[in-house]
Amino acid sequence: MEKISMRKMKENQSGVISAIKIGGELGQRIRDMGLVAGTKVTVLGRAPLYDPVALRVRGFTLTLRNNEADHVEVEVE
Amino acid sequence: METTIALAGNPNSGKTCLFNELTGARQHVGNYPGVTVEKKEGKYSRDGHTIHIVDLQGTYSLTAYSVEEVVARDFLVNERPGVVIDIVDASNLERNLYLTVQFLEMGIPLAIALNMGDVAQKRGIDIDTKKLSTLLGVPVIPTIARNGKGKDDLMKAATRIVEEDTPRVPLIVSYGDDIDSALLEMGETITTNAFLTERYPARWIALKYLERDEQILSKGREQDPAVSARLEEITARVSEHLRKTLNTYPEVIIADHRFGYINALVKQGVIKIRDNQERLYASDKIDKIVTNRFLGPIIMVGVLMGLYHFTFNYSEIPVGWFEGFFGWLGETASTHLPDGLLRSLIVSGIIDGVGGVLGFVPLIMFMFFGIALLEDSGYLARVAFMLDRVFRTFGLHGSSVMSYIVSGGIAGGCAVPGVMAARTLKSRRERLATLLTAPFMNCGAKLPVFALLIAAFFAEHEAAMMLIITLSSWLGALLVAKLLRSTVIRGESMPFVMELPPYRLPTFRGLAIHTWERTWQYIKKAGTIILGISVILWAMMTFPGLPDSTLQDFEYQRIAARAAVSTEVNREVDRYDETTALSDEAHNLKERLMAIDSREAEAGLRNSVAGRIGIALEGISRWAGFDWRTNIALVGGLAAKEVVVSTLGTAYSLGEVDPEEDRALSEILPGSPGWSPLAALSLIIFTIFYAPCFVTVVMIVRESGSWKWGFFSMVFNTLVAFILAVAIYQIGSLIGV
């Protein structure tokens, strides 16, 4: 197990969120969409220009810009 | 008293669909006072009872960060609807319940519409509605909003809640020892001081203080600064403690526990998963192709071209009917009204002006139908996803592309629906930057101007010129957007955090309602204001009329022309009705008379307010290579860009010029003093960038919510255009092009 930033996750890689390291509006938006510590996420893919990233979380598809994914720390196998 | 029910829920939960099913066509769209958030209302009747339904904006949460969420929150506490129907997407239960829990914590009477159970089942998710209802303590009614299934049961359950009118008891969620004890302490202070409690439950106010909710904080400080200060003190203490012990913030703990509460709830047998969740959904399979690195962009170009083709080709026929109708109306008015100012006002001012606006109606309808189709099917979110990286560089958002394309990103669009299409953007700054720059695209009305100038000066390089024009407008729009986002609309971009909803087949009813709503708004708003503006522009180009002596001069010229030929010929010309051929002599006379009319029109235009402005501006416009004639034409272009060509025609004494057939003008211009390929290029660039037409300005005002931005777009765009035109003309002259 190691903790990496979500930006570094590869396609189809899964992990469990260990921390959201940002407050304010962006942090709130991320949490309101169900990304809280302990949630399982899978990277579905990235846009043609490698940004934003598409995730499967709690059964739906969420997209985040890479600079937003930087604040999400994920524990991966 | 009439009962009010509010519909609330996450975006893409089928809320709008249910609203349409409940209210049918009996809807009213307005605005909440002071903000640009749409307020949708409708009526539902059954068994002789009529219920007033308000469709709140789809939100994921109830924070103070977005206008939509604040508006929803304010509506719930200020209007106190009898019950709120919370539409919950069954295939997405946990995230949807996050909002539900927040409603319950506010003590709002709730009925849950558990929507799209069929989709959930297909995904292998079974939901025990009874269990969910017992655990949450609110009725849960399964619905399928697409076909209205379950809507009557839902309304029965909802009205029962309104009738019973039991006291509102807020739900209490545990947030762990640290937060809970702080909430207790704060709750006591709040209750004993009756601090904001006439509107909100005490515990909820405490929660919002811990979350540092801007709106509640400022309301609190206003009501009782002392109590507010005490609560802020507790918040600071708890925050500090959490930071030291757990390296986290209260709002993080609150969100964690809220989802923890939901997880615990659904694990008590609410959700049963039949088979493997990991398998690909149908939507994922489509996305593997549609957002593929190579295929995605190709498909996107195809879809956007298709939308374009659909809108502009198929709306051509009904647009033709509208134009035909207004043409007929103008002609009828011309023949039945006596020659004079009244006729001129009605025909040139009112009918042409309003007709020009209403002529767009079919185009707008087609465009919005196409956009609604892309939006409701879920494709628009993919476009935003794919293009965000490009547009973000310029301070815009992936969704901005829609506005640009519709406005004429592929030459020939229209900025009016383009500006309206910016509505799909949720973030205010990006939306503003988009709708201010979209008019730089080359709308269909600018094309005759380009066609004229290209034919006159660049006939051999037609394709290359069109490419340069298209690229200039894109580059200009993106760079200006960047400029605006780093100056007047500076600020952090909104978090992108966006859901990619599953692909869905839109319902025709939904599309039709969507399309009509927006079209009607356009007719109402634009129709009234534009009428006034058309009359003003008409007056500017008509008054003051020529002095009597000058008019007499032209009359003498006519009399002289007629006196030079026989009475027979004169009679022939008077009887002429375009069906028979004229004799050579009569033809000559007619030509001469028309030439006199045209010279009179030119003199009249030159003498009018617009003409005087044009002449007065010559001193400045010379820098860009424009003379007074071009200036007037550009002023006329404020009404609609195609007017530039017809006004130039009048200014060059050509009489009536049809913008579609401007051959005469394109032959005259190259030989006229002051014209050169360089001046033409300068005018082309100016036309791309200068003030949008009035209809567009009115739409910018509507969509931005303030006249300030309408005026800004006129002044700023003209300035940008002028600077560019001067730069081209001066540099070109220097290097001797």
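Start with Leu196(B): at 6% relative accessibility, this residue counts as buried. Leu196(B) also has a positive phi of about 60°, although it is not a glycine. As background, most residues other than glycine have a negative phi, and most peptide bonds are trans. Keep in mind that this is a predicted model, and that goes for every value below.

Leu196(B) sits in the loop between α7 and α8 of chain B. That loop, running between α7 (176-192) and α8 (202-210), also holds Ala194(B). Phi of Ala194(B) is near 45°, again a positive value in a residue other than glycine. Ala194(B) is partly exposed, with a relative accessible area of 43%, whereas Leu196(B) is buried.

Then there are the cis peptide bonds. One runs from Asp51(A) to Pro52(A), with omega near 0°. Pro52(A) is found in the chain A loop between β3 (40-46) and β4 (53-57). In chain B, Phe543(B) and Pro544(B) are joined by a cis peptide bond with omega of about -15°. Pro544(B) has its place in the loop between α23 (508-542) and α24 (548-563) of chain B.

**Chain B overall**

Chain B has 33 helices and ten strands. Its C-alpha trace spans about 105 × 60 × 55 Å along the principal axes. Of the 737 residues in chain B, 53% are buried. If you take contacts in chain B between residues at least 6 apart in sequence, 74% of them join residues at least 24 apart.

The largest nonpolar core has 108 residues, and those with the most contacts inside it are Tyr404(B), Leu453(B), Leu669(B) and Trp675(B).

**A helix pair**

Two packed helices are described by the angle between their axes and the distance between the axes. Here the pair is α31 (residues 677-689) and α33 (residues 707-734), both of chain B; their axes come within 8 Å and cross at roughly 165°. Angles over 145 degrees count as roughly antiparallel, and α31(B) and α33(B) are therefore roughly antiparallel to each other. The crossing of α31(B) past α33(B) is right-handed.

Who makes the contact? On the α31(B) side the residues are Leu678(B), Ala679(B), Leu681(B), Ser682(B), Ile685(B), Phe686(B) and Phe689(B). On the α33(B) side they are Asn717(B), Thr718(B), Ala721(B), Phe722(B), Leu724(B), Ala725(B), Ile728(B), Tyr729(B), Gly732(B) and Ser733(B). Sorted by class, the contact of α31(B) with α33(B) has twelve nonpolar, five polar and no charged residues.

**A few single residues**

Here are the accessibility values for some residues, side by side.

| Residue | Relative accessibility | Class |
|---|---|---|
| Thr63(A) | 0% | buried |
| Leu196(B) | 6% | buried |
| Ser239(B) | 13% | buried |
| Glu185(B) | 35% | partly exposed |
| Ala194(B) | 43% | partly exposed |

Where is Thr63(A)? Thr63(A) lies in strand β5 (residues 60-64) of chain A. Leaving aside neighbours within four places in sequence, Thr63(A) is in contact with Val53(A) and Ala54(A), and also with Phe385(B), Phe496(B), Val497(B), Met498(B) and Leu500(B) of chain B. With 0% relative accessibility, Thr63(A) counts as buried.

Ser239(B) has its place in helix α10 (residues 225-246) of chain B. It is buried at 13%, and apart from neighbours within four places in sequence, Ser239(B) is in contact with Arg212(B), Thr248(B) and Pro250(B).

Glu185(B) belongs to helix α7 of chain B. Not counting residues up to four places away in sequence, Glu185(B) touches Ile234(B) and Arg237(B).

Notes. Residues numbered from 1 in each chain as written. Chains lettered and ligands numbered in written order. Predicted model: local features only at pLDDT ≥ 70, side-chain atom pairs only at ≥ 80, totals over all residues. Heavy atoms only, no water. Axes fitted to C-alpha atoms, helices over the stretch in contact; angles between N-to-C directions. Helix = DSSP H or I, 4+ residues; strand = E, 2+ residues; numbered from the N terminus. Parallel < 35°, antiparallel > 145°, perpendicular 65-115°, else oblique. Left-handed = near helix turned anticlockwise from the far one by under 90°. Contact = heavy atoms within 4.5 Å. Nonpolar A, V, L, I, M, F, W, Y, C, P; charged D, E, K, R; others polar. Core = buried A, V, L, I, M, F, W, Y, C linked by side-chain atoms within 4.5 Å. Buried < 20%, exposed > 50% of the residue type's maximum accessible area, 1.4 Å probe, protein only.
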